[in-house]
Amino acid sequence: MAAGPPPPLDRPMLPAFREEGFGDKFLRKTRENPLVPLGCLCTVGVLTYGLICFKRGNTRRSQLMMRARILAQGFTFAALLGGMAVTALKSRQ
């Protein structure tokens with residue numbers, strides 16, 4: 001066996017990571033892809049207005065709002081997929 005210097009007794013200092021809470025993670029994800037929360041808010045708004053119109057008996061406006069809700073959901077889904085694609089491309093580089 002070759003004699004060499006003994007191993008160091010001190011452990012190397014590792015970087016300290018703090019625990020990320022729900023609020024911090026939500027804000028970080030919103031900054032990374034702001035279109036997803038915007039699409040969710042639009043979907044909820046259109047859905048709420050459509051339900052109010054339905055309750056008041058305005059069926060024509062209610063049907064229109066339900067169709068708009070589908071478009072808003074499609075926008076949200078496209079924004080989600082787009083954000084995932086951008087994140088995947090960034091991680092490859």
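**Exercise 1.** What radius of gyration does the protein chain have, and what would a compact globule of 93 residues have?

*Solution.* The model is a predicted one, and every value below is to be read with that in mind. A compact globule of 93 residues would have a radius of gyration near 12 Å, whereas the protein chain has 25 Å. Next, consider the box filled by the C-alpha atoms, which along the principal axes comes to roughly 90 × 25 × 20 Å. Finally, turn to burial, where 14% of the 93 residues count as buried.

**Exercise 2.** Describe the secondary structure of the protein chain and the order of its elements.

*Solution.* The count gives three helices and zero strands, and, starting from the N terminus, the order reads α-α-α.

**Exercise 3.** Which residues are linked in a network of salt bridges, and which pairs make it up?

*Solution.* Begin with the search of the whole structure, which finds three salt bridges. The side chains of Glu20 and Arg28 form one of them, at 2.8 Å from N to O, and those of Glu32 and Arg28 form another, at 3.2 Å. Glu20, Arg28 and Glu32 are therefore linked in a network, since a salt bridge requires a Lys or Arg side-chain nitrogen within 4 Å of a carboxyl oxygen of Asp or Glu. Glu32 and Arg28 lie four residues apart in helix 1 (residues 22-32), which means that about one helical turn separates them.

**Exercise 4.** Are the partners in the salt bridge between Arg18 and Asp24 exposed or partly exposed?

*Solution.* The side chains of these two residues, Arg18 and Asp24, meet at 3.2 Å, N to O. Arg18 has 64% relative accessibility and counts as exposed, while Asp24, at 35%, counts as partly exposed.

Key
Residues are numbered from 1 along each chain as its sequence is written. This is a predicted model: local features need pLDDT of at least 70, side-chain atom pairs count only at pLDDT 80 or more; totals for chains, interfaces and linings use all residues. Side-chain values use heavy atoms; hydrogens and water are left out. Helices (H or I, at least four residues) and strands (E, at least two) are DSSP runs, numbered from the N terminus. The radius of gyration is taken over C-alpha atoms; the globule rule is 2.2 Å times the number of residues to the power 0.38. Buried means under 20% relative accessible area, exposed over 50%, partly exposed in between (1.4 Å probe, protein chains only).
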